Amino acid sequence: MKLPLEISFEGLDRSAALEDAVRKHADKLEQHHAEIMRCRVAIVCDGKHKHHGKPFGVSIDLTIPGQEIVSNREADEDVYVAMHDAFKAVSRQLDQVAQARQAKRG
């Protein structure tokens, strides 16, 4: 990703493998949506609920011209699944914004 990418970890140690996975998802997102100005990704492990499922949460905050897009409700027992779901949700929102802008123009 050429644009600023911020990755934060809460409740778990920084991981090169997780950072690499985030970068790969962000690169794919940027290839399809070139107007992204900034991407912030937070990976959270709520250790209190380890035995109750879905301890990993991933939130993404994107900035595009004139708008901020947020996905903050993706959670799963597998951090990579939560990450995939969060990026998928943000991608859908970006598609909706692009369609709305295109409809305004034409």
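Let's start with a word you'll need: a residue is buried if its relative accessible area is under 20%, exposed if over 50%, and partly exposed in between (1.4 Å probe, protein chains only). By that rule C45 is buried at 13%, and C39 is buried at 0%. The model here is predicted, so local features need pLDDT of at least 70 and side-chain atom pairs count only at pLDDT 80 or more, while totals for chains, interfaces and linings use all residues. Residues are numbered from 1 along each chain as its sequence is written, and side-chain values use heavy atoms, with hydrogens and water left out.

Now for the inside. In soluble globular proteins, nonpolar side chains tend to be buried together. A nonpolar core is a set of buried Ala, Val, Leu, Ile, Met, Phe, Trp, Tyr and Cys residues joined through side-chain atoms within 4.5 Å. The largest one here has 26 residues, and I43, I60 and L62 touch the most other members. At least two residues each come from β1 (5-10), α1, β2 (38-45), β3 (56-64) and α2, with α2 giving the largest share, eight residues. (Helices are DSSP runs of H or I, at least four residues; strands are runs of E, at least two; both are numbered from the N terminus.) Look at I60: beyond its neighbours within four places in sequence, its contacts (heavy atoms within 4.5 Å) include C39, V41, F87 and V90.

What about cysteine pairs? A disulfide is a pair of cysteine sulfur atoms within 2.5 Å, and the structure holds zero of them.
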